[in-house]
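Let's take a friendly walk through this protein together. Have the sequence and the 3D view ready, and look up each residue as we reach it.

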Amino acid sequence: MSDSSANASGSAACPITLELNGQPHRLEVLPWTTLLDLLREQLGLTGTKKGCDHGQCGACTVLLDGRRINACLTLAVMHDGAKLTTIEGLAEGDELHPMQAAFIRHDAFQCGYCTPGQICSAVGLLEEGHARTAADIREQMSGNLCRCGAYPHILAAIEEVLADGGGEQP
């Protein structure tokens, strides 16, 4: 066992592959590494935020195989072969994802800390196809907290993208 695949206690790292933001990655992760810590600490993708680290705030929301998940609540080794999209992977080059652009147009953020999780959750919500009304959106976004209280603007941004066809990029 090489030094790069074990820690001080001798625990072996596990090899995994991920399609991360459209790019294949082969990684070695310790068995207890959360998906959030893998993204932030090992891969340097700091757009996904560590908020409560208990799955209660939604700041760490990412899209795993197209579904919204809290990256702080899942171990990276559980997702070998998965397709993962973070806030960094939503834009196409310099062209923002429609949800990102709508958040800007509607000033749907203040401090911005929750914004990556809010946007990823909103993209996932629209892909799920169950949100048809403002009440549906509020209910299905309830796992994403905004301490600044930008909820009316977040709702307006999501409603705009929903009305425009759900956020499909051109």
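The second largest pocket in this predicted model is lined by Gly51, Cys52, Gln56, Cys57, Ala59, Cys111, Tyr113, Cys114, Leu145, Cys146, Arg147 and Cys148. What kinds of residues make up that lining? By class, nine are nonpolar, two are polar and one is charged. The pocket has a volume of about 220 Å³. If you wonder how empty space is found at all, a probe the size of a water molecule is rolled over the atoms, and this shows where space is left.

Five strands form an open sheet in the order 2-1-5-3-4, and their pairing is mixed. Which strands sit at the edges? They are strand 2 (23-29) and strand 4 (67-70), each of which pairs on one side only. On average, neighbouring strands of this sheet are turned by 40 degrees against each other, direction ignored.

Take a look at the hairpin of strand 1 and strand 2 next. Strand 1 (residues 14-20) pairs with strand 2 in the antiparallel sense, over seven bridges. Within this pairing, Glu19 stands opposite Pro24 in strand 2. Two residues lie between the strands of the hairpin, and Asn21 takes a positive phi near 50 degrees there. As you follow a strand, keep a handy rule in mind: in a regular strand, side chains alternate between the two faces of the sheet.

Helices come next. Helix 1 (residues 35-42) lies across strand 1, strand 2, strand 3 (61-64), strand 4 and strand 5 (83-85). Helix 3 (residues 115-128) also packs on the sheet, where it touches strand 3 and strand 4. The table gives the angles for these helices, along with the crossing of helix 3 and helix 5 (residues 151-163).

| Pair | Angle |
|---|---|
| Helix 1 and strand 2 | about 105 degrees |
| Helix 3 and strand 3 | about 40 degrees |
| Helix 3 and helix 5 | roughly 35 degrees |

Finally, how do helix 3 and helix 5 meet? Their axes come within 11 Å, and the crossing is right-handed. Helix 3 contributes Gln118, Ala122, Leu125 and Leu126 to the contact, while helix 5 brings Ile154, Ile158, Val161 and Leu162. Sorted by class, the residues of this contact are seven nonpolar, one polar and no charged.

Definitions and conventions: Residues numbered from 1 in each chain as written. Predicted model: local features only at pLDDT ≥ 70, side-chain atom pairs only at ≥ 80, totals over all residues. Heavy atoms only, no water. Pairing = 2+ DSSP bridges. Helix = DSSP H or I, 4+ residues; strand = E, 2+ residues; numbered from the N terminus. Axes fitted to C-alpha atoms, helices over the stretch in contact; angles between N-to-C directions. Contact = heavy atoms within 4.5 Å. 1 Å grid on protein atoms, 1.4 Å probe; cavity = no way out; pocket = protein on both sides within 12 Å on 5 of 7 lines; lining within 4 Å. Points joined across faces, edges and corners; volume = space filled by probe spheres on them. Nonpolar A, V, L, I, M, F, W, Y, C, P; charged D, E, K, R; others polar. Left-handed = near helix turned anticlockwise from the far one by under 90°.
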